[in-house]
Amino acid sequence: MGKLSILWALVRRDYALQYAGSFLGISWMFLQNLVLISLYSFVFLFLNLRNPSSQDEFTAYLLTGLLYWIPMQELLVRGTGILTDNRSLLKRSALGVDLFIWIPFVQFCIHSLITSIPVFILMYSSNTLNVSGILWGYITLFFSGLYLMCLLHYLSRLNVLLKDISPLVRLFTQILFWGIPILYYPSGFLRDLNLWNPFTVPLDIFRTTVVHGYVPLFPWIGIFPFLILFISIFVLSKFKFQSVILDEL
């Protein structure tokens, strides 16, 4: 419990530093997520840039894709730079590197929960929400975050060694975004390409839990090679980078 209280204090401190002096404060984070979801929804729903499907079905498909990806993208970008952003505090304290890496994960859980509320309300109003699967949906998001954390233990340390790889990570997130079926239905060559994206299956699982009548589009066993890879990267970062990182900080 002691470490959890310290972690929560660090999360609040990180929020305060990110949004210090901002007119909207921390509410900007959630407003930004809702604006992004609304923008993509407008383009692909009202401008008719979508695959043939019923309006309600595609709306649920698109909203759940964005709800899954936007907090995940924030976690990837924020998690990469968390150690360098807290360099001075890490030097002055004995809290250790790992505790700081969990700050973006806690924020990811908060952002996913708050952003999901208006999305689920809209889906419920159109009878596309699987109400009984909401809890499993949150569990899927939670474990998806843990899944990504295996990679972030490596990327956050690599960011210290290479000074700053944030621009590269932001570019990488754009490639991942269009390589995962968020705004389109997978078919043909595109579907084969989606299988190489480590977040395709977790998104498919999430949609299966929260979208009423959704039929999985990918074999879920496809996640295991990526899971083994991510865990291997996590083990490498823990045993190979730990002492080096402390010296670099």
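Which residues line the second largest pocket? I listed Ile139, Thr140, Phe143, Ser144, Tyr147, Pro202, Ile205, Ile223 and Leu227. A pocket here is an open set of points on a 1 Å grid over the protein atoms alone, where a 1.4 Å probe fits, with protein on both sides within 12 Å along at least five of seven lines; lining residues have an atom within 4 Å of a point.

This is a predicted model, where local features need pLDDT of at least 70, side-chain atom pairs count only at pLDDT 80 or more, and totals for chains, interfaces and linings use all residues. Residues are numbered from 1 along each chain as its sequence is written, and side-chain values use heavy atoms, without hydrogens and water.

I checked the lining by element. α7 (134–161), α10 (200–210) and α11 (223–240) each give two or more residues. The largest share, 5 residues, is from α7. Helices are DSSP runs (H or I, at least four residues), numbered from the N terminus.

I sorted the lining by class: 7 nonpolar, 2 polar and no charged residues.

Next I followed α7. Lys163 follows α7 with a positive phi, near 75°.

Last, I looked up confidence (pLDDT, per residue, from 0 to 100). The protein's mean is 83. α10 is highest at 97, and helix α12 (residues 242–248) is lowest at a mean of 58.

Terms used: Ala, Val, Leu, Ile, Met, Phe, Trp, Tyr, Cys and Pro count as nonpolar, Asp, Glu, Lys and Arg as charged, and the others, Gly among them, as polar. pLDDT is the predictor's confidence in each residue, from 0 to 100.
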